[in-house]
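Work through the exercises below with the coordinates at hand. Each task is followed by a stepwise solution.

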Amino acid sequence: MKKDSHGNVDIHAPLRDDVRMLGDMLGATLMQQDDSDLFETVEKIRKVSVQGRQQGAVDTAALQKLLTDLDDQKLLSVARAFSQFLNLANIAETHHRERLRRHRQRFSDAPGDSQSLSEIIERLLAADIPADSIHQCLKSLSVELVLTAHPTEVTRRTLIRKYDRMATLLSQLDREGLTDDERDIARQEMRRLILSAWCTDEIRRERPTPVDEAKWGFATIEQSLWYAVPAILREVDTICSQHLGQRLPATSAPIRFASWMGGDRDGNPNVTAEVTREVLCLARWMAADLYLRDVENLIADLSMQAASEELLAVTGPSYEPYRVVLRNVRESLRATRARMEALLENREPKQEVWCATNDDLLQPLLLIDRSLRTSGMATIADGDLSDTLRRLNCFGVSLLQLDIRQESTRHAQAIDGITRYLSLGSYLEWNETQRQEFLLRELQGKRPLINAAFFASEFCGDEITEVFATCEVIAQADPGALGAYVISMAHHPSDLLAVMLLQREAGVQQWMRVVPLFETLDDLERAPQTMTELLAIDWYRERVAEGQEIMIGYSDSAKDAGFLGAAWVQFRAQEQLTALFAQHNIPLTLFHGRGGSVSRGGSPTRMALLSQPPGSVAGRIRVTEQGEVIRFKYGLPSVAAENLEQYIAATLEATLLPPCSPQPHWREEMNRLTQTSVKAYRDVVQKTPELVSYLRSVTPEQELTRLALGSRPARRKKDAGIASLRAIPWVFAWTQIRLMLPAWLGTGAAIQSALDDASRAPVLNDMVEHWSFFQAAVDMLEMVLAKADPAVAAYYEQRLTDDAALIALGTSLRERLTASVQTLRRLVGDKNLLANNPVMQWSIKVRDPYTDPLHLLQAELMYRLRMAPTDSAQIESALMVTIAGIAAGMRNTG
């Protein structure tokens, strides 16, 4: 490896080399495709942009001079060029993460921003935690990652495939011992792929359906996770053997996956009962198809004759007994595919033996596993068969357990229809006590409440019919196909009881576990009291005796109260809920609804888990993985394996070696900080009338609705207020102009007030030094402020509004941003932001000269589109390219 100026190994030099190589290849592509004129234009803009950054800030005047004279077609081409480079830089960075992981595996003292499972286990053993305790925890670990279709993935699937192939070629070029011919062949293919990507429209022209989104999730499993899961579990098995003297059983599944794609109907009228039914069938078909490929390979490999008496009792005398068993398995998998195809085509399935449950596939494979081991062929059993068993225990025969999510008022409306139909009055007009009395009486009784006449009555409108149709799908679903029924905007105990009653009325035999989602500041503060009231009900307490799951909402609470205020309320709610359920001796699983951005709970895995309240993880955790995060973290098998290892290692560490509880004076300080931060945040967001106009005028909030990001509307209701805007486009819009408002507003002012107080400043410094929760908050604030740029935000304002009130508001916001940066520098020692994270620091530095022109292009295009909204196809296309390019440059959207 190369060495830096101090003679130390420069482990990041290969990343810079890759970025330079890909940039050169893109430049050659521009020369080849669009003659030298475009290349020269792009180079001129790039050099001006680089020169401005070298002098300390974006040179908006010089860039504007170059851009405003370009016609619409040239603007589109220039936008595409800069956007494409940022995508190539992302590919190089993703590959570099894989390279660093391999380097850490080879050299134990290699630097890294995360800790491997081996390192964590060594720490646990050094802390005198018995090996048996660690092994038992690993065996029972439950990390469930929930893939969601939140509209933050801006890259088309067809381009993602090309980018994935480019990453594979970078891996090939890293291999030692390549001949010159092999290296030239790989480089030539890379040039072809870059050319192919350049000649492909990067904008998704049609909004995806919920079924399209679900298929995208299935593709992530098929192309990456199907290989990453057995790879990382094989590695965990080896680590257990080396450090703990015991293996990880093949039936252990520390990692599992679930999905909201096709099940999340909160505010999305496109997700219907029929869509959910179709997605369930498609998932079963895909699972059967993937296992069929595994079984075909096993049939080819397991040609041995020696077998146990147990297996021969099933097959009878045979020269190839394993193939006899596997051929039967193959037929049941083929029958499963055929059955799903029939159901998708609304045909009656044939009466054949099919894989209805996990056991239908698991038991014959375990029979083969036992026979191989008793016949002296354990090494063979530890190969592909073990991989298939680990996949089965992770994915099951349903591939992904599907969650259902719906908003609480929809359930209340359905119950209201029932009570009015039965002439009992209006459920919606009852108080909470009356609602609970009715729900509990009916839940503990046996009488049916509705019949066919109800659905034909005036009391059952379309929305109520859809709620019951969803419950009917739940009742008809195959065992194990469904996960949690998540109630968004859960406020009261009756919200949970209502869903239980609806499931009973639909004839659901195995009720989905009912999970409240507490997402506003008020609901999070009331969550412990809400659950205390539920646990006081004997009937409910018995229903959840084996475990309760509660979802913590990050997006809406942060949009409601700002980053710091929401983070503290989330921490305290989890802390109190953990204590409450421990008191009742009921296992609690916390489900974290995190997004990719800081203001929506996004953060590195280990940092996120170790900043939770002590005892709240307890070997069990559920986390959403959203939008572009899925591609960045799980798009390639090697990168996916690293991220899965991080989840396993961090969950193990947070369980057995949790962080310390906050000191009383830290709590007092956090209460002061959040009082200040929430007020400062709400004064701007809720009490500044001009903010809505500023958002719509200066950011591309309106234009974002033109981008075919996902199936879900950007707003819950058709009004122009911020309250109805979903958290994702709220964050996305501010990110596009580099103001990053939701992530820092209020927090900087709160920290400044503490630092200015001589009695509080030492406490704050103590919190930064010793409290993992506050450390994580400061680290994430540092990252987001490093990406913010007031000069870029000012240009949007300059180009897009001449309203004096809006200009005054923008000036005030940028002053607050600058003050927040200065305050954070005071807190962390007056150093440059991200001084402790050189890779990200370099990443932002190398991206700025390419994102700067895109920002100015975007502002120019927004101006032209608003001035001449007709005949604007080229402008719209160029604008969508800038949105996608800036999202790529920022490495997150919403």
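**Exercise 1.** Determine which side chain R847 meets in a salt bridge, and where the two partners lie.

Solution. A salt bridge requires a side-chain nitrogen of Lys or Arg within 4 Å of a carboxyl oxygen of Asp or Glu. The partner of R847 is E93, at 2.4 Å from N to O. R847 belongs to helix α36 (residues 838–867) and E93 to helix α3 (residues 72–106), so the contact ties together parts 754 residues apart in sequence. Helices are DSSP runs of H or I with at least four residues, strands are runs of E with at least two, and both are numbered from the N terminus.

This is a predicted model: local features need pLDDT of at least 70, side-chain atom pairs count only at pLDDT 80 or more, and totals for chains, interfaces and linings use all residues. Residues are numbered from 1 along each chain as its sequence is written, and side-chain values use heavy atoms, without hydrogens and water.

**Exercise 2.** Classify R847 and E93 as buried or exposed.

Solution. Buried means under 20% relative accessible area, exposed over 50%, and partly exposed in between (1.4 Å probe, protein chains only). R847 has 3% relative accessibility, so R847 is buried. E93, with 14%, is also buried.
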